[in-house]
Amino acid sequence: MATAAAAAQPATSRNLCRIRLIVRVLELAAFQEYVKESLRRVRRDRTNAYSFPMASVVIIEDEQRIRELMARVLAAAGHDVASSSTAMEGLQAVVNSAPDLVILDMGLPDLDGAELLKMMRAVSQVPIIVATARSEDRDIIRTLDSGADDYLVKPFSVEQLEARVRAVLRRVASGSRTGPITIGHLTLDAAAREARLDGEQLGLSPKEFDVLYFLAERSGEVVSKRELLAEVWRQPYGGSEKTVDVHISWLRKKLGESAAESRYLQTVFGVGVKLVDPDA
Ligand code: CA
């Protein structure tokens, strides 16, 4: 009996090994499937959340590596991209092709970016995003005052570039919108930066207004907290989602509702928040 048990032992352990191997293979296959599905989901989300109109873009940037990276990223997003490495070439491209958007590096070899910005503004109202290494507030304010629509501080990520381009194109598109946005009894006037509920001023802080307006432009659509941080707070990576929660809660108070009894602002658990017409 002892001999038979000893002979059975190696067979059992071989079977165990085989079973373990099969489990490993199955686990690996499941893991691979999980990774594939995650990637599919990310692509799907990106397409849904980040879809924006195609535009013709002129990039004016003397650093070849950055210029080519930006061109590749924007072309991959479906834009029609032309690039120039000098200010003069860039100005010519803007005059000749009348693009929808310009991305302008402030440090160019032949002309200061700020000078070029002024020259461009004299001949065109094209939206301009400046890319600058100067991150100090007063430089940014000066840049915006001299006619830029938005800015990117170097070094910036691909996601930041995409987000800023999206934001500017969206602003241009909504700028052509006539009059304020009305959702139910709520009216938001971007030009006057006024929010009214049943005709009564809501007295929102600038950030509260920005959040509400951002949601109003996409009413009925769930917007993630991360997207709000990226678009309203300009923090695509950093920033705490708690900040968004706090502003949503302040907005709810001003709208006379609460998380438990929400009307206009509805939280979709684990996804984000949406603005809806409660009586629709
Ligand atoms: Ca440069």
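This is a predicted model: local features need pLDDT of at least 70, side-chain atom pairs count only at pLDDT 80 or more; totals for chains, interfaces and linings use all residues.

Visitor: In what order do the 5 strands of the open, parallel sheet lie?
Guide: Strands (E, at least two residues) and helices (H or I, at least four) are DSSP runs, numbered from the N terminus. Two strands pair if DSSP finds at least two bridges between them. On that basis the 5 strands form an open parallel sheet in the order 2-1-3-4-5.

Visitor: Why is one side of strand 2 and of strand 5 left without a neighbour in the sheet?
Guide: Neighbouring strands of this sheet are turned by 20° against each other on average, direction ignored. Strand 2 (80-84) and strand 5 (150-153) stand at the edges, so one side of each has no neighbour in the sheet: each has a single partner strand.

Visitor: Which residue is the bridge partner of Val58 in strand 3?
Guide: Strand 1 (residues 56-60) and strand 3 (residues 101-105) run parallel and are joined by 4 bridges. Ile60 stands opposite Leu104 in strand 3. For Val58, the partner is Val102.

Visitor: What angle does the direction of helix 2 make with that of strand 2?
Guide: Helix 2 (residues 64-76) packs on the sheet and touches strand 1, strand 2 and strand 3, a contact being two residues whose C-beta atoms, placed from the backbone, lie within 7 Å. Axes are lines fitted to C-alpha atoms, for helices over the stretch in contact, and angles run from 0 to 180 degrees between N-to-C directions. The angle between helix 2 and strand 2 is about 170°.

Visitor: How many residues of strand 3 are buried?
Guide: A residue is buried if 20 or more other C-beta atoms lie within 10 Å of its own, exposed if 12 or fewer, and partly exposed in between, with C-beta atoms placed from the backbone. Leu101, Ile103 and Asp105 point one way from strand 3, and Val102 and Leu104 the other way. The buried count for strand 3 is 5 of 5.

Visitor: Which residues touch the most other members of the largest nonpolar core?
Guide: A nonpolar core is a set of buried Ala, Val, Leu, Ile, Met, Phe, Trp, Tyr and Cys residues joined through C-beta atoms within 7 Å. The largest one has 30 residues. Elements that give two or more residues to this core include strand 1, strand 3, strand 4 and helix 6 (158-175). The residues that touch the most other members are Val57, Val102, Ile103, Leu104, Ile128, Ile129 and Val130.

Visitor: How are helix 7 and helix 9 oriented to each other?
Guide: The axes of helix 7 (residues 206-217) and helix 9 (residues 241-254) come within 10 Å and cross at roughly 90°. Angles under 35 degrees count as roughly parallel, over 145 as roughly antiparallel, 65 to 115 as roughly perpendicular and the rest as oblique. Helix 7 and helix 9 are therefore roughly perpendicular.

Visitor: In strand 7, which residue is the bridge partner of Thr182?
Guide: An open antiparallel sheet has 4 strands in the order 6-7-8-9. Within this sheet, 3 bridges join strand 6 to strand 7 (residues 186-189). The partner of Thr182 is Thr187.

Methods. Residues are numbered from 1 along each chain as its sequence is written.
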